[in-house]
Amino acid sequence: MKKIDNPRTAIIIGAGIGGLATGILLAKKGVQVTILEKNKHIGGRANIFVEKDFVFDMGPSWFLMPDVYEEFFGLIGEKVQDHLDLIRLDPSYRLFFRDDGSVLDMHSDVERDKHTFEQLEIGAGEKLKPYLDRTEMQYTIAMKDFVYKNYDSLFDFLNLRVALKGLRLSVFSNMDTYVSKFFKSDKIAKILQYMMVFLGSSPYNTTALYSIMNHIDFNMGVFYPQGGIYEIPKSLGALAEKFGATIRTESPVAKINVTDGVATGVRLENGEVLTADVVISNADLHFTDTQLTPEPYRLYSEKYWNKRTISPSAFIVYLGIDGETPELAHHNLIFSKDWKTNFYQIFDDPQTPHDPSLYICAPSITDPSLAPSGKSILFLLVPIAAGLALDEEQTQAFRNQIIRTIAEECDMPDLEDRIEFERVYQVQDFQKDYHSYMGSAFGLSHTMDQTAFLRPNNTHKKIKNMYFVGANTNPGIGMPMCLISAELAFKRIYNIKTNGPLEKKDLE
Ligand SMILES: Cc1cc2nc3c(=O)[nH]c(=O)nc-3n(C[C@H](O)[C@H](O)[C@H](O)COP(=O)(O)OP(=O)(O)OC[C@H]3O[C@@H](n4cnc5c(N)ncnc54)[C@H](O)[C@@H]3O)c2cc1C
């Protein structure tokens, strides 16, 4: 479909990471950009709330892939260090194994981590470096030629297959099978696979292409921006405004106006009508298609949605705690005994997990400014099936189970008594706050049939001047991916067909 050349005005629906980043790129190009956000804060799922002087990042907590931030900031003539005060965490994360009570720290330092691997499996220490070298090679290929690329057909994707097969990287099996070719220890499998949950997937349904995540956490390291993760959307918002974009919060869009296959703009819930040459939606894709788009222009049927693999939702507990938490590192993972059943109860047979894996973030260890003096914050997250909304009684019971598990596994017997503030956040909150389909925390999973050209396209097939950006389109889930998705949307608008990142001249 022929697109609109050189738009002068753009409306972006949603101020998530993808929406803000697209706003920056278009504003830098000289387009008059208006970003419309329904919530009080910008940032989308990278949200924040403050209660009793405890400062909580509500969603993302892992700053990964600093290279992607550097690339994005460099593209717009900025330096990451002028906006974010990043520190590298050591340990990167702490692991608690429920089966035997063991505790391990990972350091994103092969020399140190290989000793840990060796303790878990004889010979595994020596295998770690070659394994990680492979993941690095895959990462380099993927970033150079495939992640920053827009897909239109199977042929684009087949090239990736050929490139990786040529290197004998059998990455088209699932992650679990792939890892088992290298390591036999159950614990090592868990260490190398836990990241799948952050891709909204399970190791049993995700292509081993995503073993690149092991390069990301083991070789590149885990970082934290002082002040909290919210510093990221805050700096993106400030940059968008610096380049001339207008950001309007508490401005929910009710409809995209379309005439003869051309979007003319949007109508807000308050009735206000805004016009633009292009419309880009960063709002949840299912919501955009079924609620914001006029009927004849909808792209996906209910049957389509019913067949999708939706990433888990999250049962989150935010805690303000009296005292410190020396038992914990900044990032902590408690691994369930029955790993496979846990994934089964998330993806195949939705129910409250009996023996869940859970994640604890204790950012005030690194950043005391997040809590009043002598106090701490904790962010507890349990992945649960999308759509699994718990009632009050179930919520309380599950919350109690989680606190009990942490008290036992992390040796914090008085945890319950030290809680000064708490808030539970779950499926129905994701639906209300972000219009998230089935209350999923992350969006469409990264299964093989929802990757690259099989993931929803970022250019609207029925509306000439409409585009999508964010986690539900390419490349996918996570803040760095959403920054890249902004570059991909920009490439669509300006018909740029390169494989790699945008170049400065593209923004001139
Ligand atoms: C609990 C949790 C933990 C995570 N952990 C990590 C992590 O550690 N590291 C990481 O990199 N990523 C993590 N992620 C994923 C990451 O947060 C997301 O992939 C990313 O932030 C999504 O950005 P997005 O561009 O898709 O927009 P979204 O965040 O989905 O934002 C879309 C915006 O559109 C707005 N909107 C919706 N409807 C309308 C409307 N009608 N009008 C106006 N605005 C509207 C919404 O309010 C929202 O602000 C996590 C996510 C969650 C939820």
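## Domains

Domain bounds here come from an automatic or database domain assignment. The chain divides into domain 1 (9-51 + 60-84 + 228-307 + 446-507), domain 2 (111-221) and domain 3 (310-434). Taken over C-alpha atoms, the centres of domain 1 and domain 2 are 28 Å apart.

The model is predicted: local features need pLDDT of at least 70, side-chain atom pairs count only at pLDDT 80 or more, and totals for chains, interfaces and linings use all residues. Residues are numbered from 1 along each chain as its sequence is written.

## Where domains 1 and 2 touch

In domain 1, 22 residues are in contact with 23 residues of domain 2 (contact: C-beta atoms, placed from the backbone, within 7 Å). Helix 16 gives the largest share of the domain 1 side, 5 residues. Helices are DSSP runs of H or I, at least four residues, and strands are runs of E, at least two, numbered from the N terminus.

## Ligand shell

Around the ligand are 39 residues (C-beta atom, placed from the backbone, within 6 Å). Gly 14, Gly 16, Gly 18, Gly 44 and Gly 470 come nearest. Helix 1 (17-28) and helix 16 (479-493) are the elements that give two or more residues. The ligand lies between domain 1 and domain 3, because both give residues to its shell.

## Helix 10

Helix 10 (residues 231-242) is largely enclosed by the rest of the structure, because 9 of its 12 residues are buried (20 or more other C-beta atoms within 10 Å of a residue's own, all placed from the backbone). Among the buried residues are Glu 231 and Lys 234. The buried residues pack against helix 1, strand 2 (32-36), strand 8 (223-225), strand 9 (246-248) and helix 16. Just after helix 10, Gly 244 takes a positive phi of about 110°.

Key: Two residues are in contact if their C-beta atoms, placed from the backbone, lie within 7 Å.
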